[in-house]
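Dear colleague,

I am handing over the structure below, and after it I set out what was found. Please read the notes with the model open beside them.

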Amino acid sequence: MFELNNKLEIKKQYLKNSVIYTIDNFYEKPDEILNFIERNPAHPHKIEEEGSLNMKYFQDLRHSNYFSGLEKVNVFLKSIVKQDIKYQNYNFLTNVTKFMDKKFNNYKNNYWYPHKDFGYTALIYFNKEETNATNLYEDIGNDFKNIKNTLEHSNPWRPKEKWQIIHTIQSKYNRCVIFDGLIFHGMVVDNDMFFNKYRVNQVLFFKKP
């Protein structure tokens, strides 16, 4: 299921002393992976946290599985970013997201939860529509000090005037994008698409030494 395309081309773009890597047609058989995601229920993310609104106003779901066949994918990506994979015990992670309440999910005036990860982050997109997928930000309003871990699901929408987009990554089906997760980033929600269908991607986290 996780065979890589044997004719991969790695494109580079430089941003803030880091590199954004784009690899199209990443998997040989992406439909098999998408079918697995659609057939196997994802679990709600951080629903146990105090104040979580997950599954009330939006659905933030995850798959957390281990597949031995993904190890070669890890090795390939590690050779690019020169960092170790963060999670070894469950190497197949997804983001499966859908929005339900349009008043709460006010994307016209807010951005969805700008945050940082641990090192480089790889996303493989599985929506067949080409859309703006991931924004990279600068915190121009000193808003990050107000964001605690629980705010991801209790107050995820952050005022646009406090954040500046420095780069927007576009999605494409079966495209892998690798960027520095220590730059603030978050998924793009700029229309009603993901009120009507799920946003689906695979994610791999790497950790800076």
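The second largest cavity has a volume of about 40 Å³, where a cavity is a set of points, on a 1 Å grid over the protein atoms alone, at which a 1.4 Å probe fits but cannot get out, and where the volume is the space filled by probe spheres set on the points, which are joined across faces, edges and corners. Its lining residues, those with an atom within 4 Å of a point, are Asn74, Ile85, Tyr87, Tyr90, Asn91, Leu93, Leu204 and Phe205. By class, six of them are nonpolar, two are polar and none is charged, with Ala, Val, Leu, Ile, Met, Phe, Trp, Tyr, Cys and Pro taken as nonpolar, Asp, Glu, Lys and Arg as charged, and the others, Gly among them, as polar.

The largest cavity holds about 50 Å³ of space, and the count comes to two cavities of 30 Å³ or more. The residues that line the largest cavity include Tyr125, Asn127, Phe194 and Arg199, and by class the lining has four nonpolar, four polar and one charged residues.

Please keep in mind that this is a predicted model, in which local features need pLDDT of at least 70 and side-chain atom pairs count only at pLDDT 80 or more, while totals for chains, interfaces and linings use all residues. Residues are numbered from 1 along each chain as its sequence is written, and side-chain values use heavy atoms, with hydrogens and water left out.

Turning to the rings, the structure holds 27 aromatic pairs, a pair being two rings of Phe, Tyr or Trp (its six-membered ring) with centres within 6.5 Å, called stacked if the planes are under 30 degrees apart, edge-to-face if over 60 and tilted otherwise. The pair of Phe58 and Phe104 is stacked, because the ring centres are 6.2 Å apart and the planes lie at 20°. This pair links distant parts of the chain, 46 residues apart, with Phe58 in strand E4 (residues 58-62) and Phe104 in the loop between strand E7 (92-99) and strand E8 (110-112); strands are DSSP runs of at least two residues, numbered from the N terminus. Phe58 counts as buried at 0% relative accessibility, whereas Phe104, at 23%, counts as partly exposed (buried is under 20% relative accessible area, exposed over 50%, and partly exposed in between, with a 1.4 Å probe and protein chains only).

With regards

How values were computed
Helix = DSSP H or I, 4+ residues; strand = E, 2+ residues; numbered from the N terminus. 1 Å grid on protein atoms, 1.4 Å probe; cavity = no way out; pocket = protein on both sides within 12 Å on 5 of 7 lines; lining within 4 Å.
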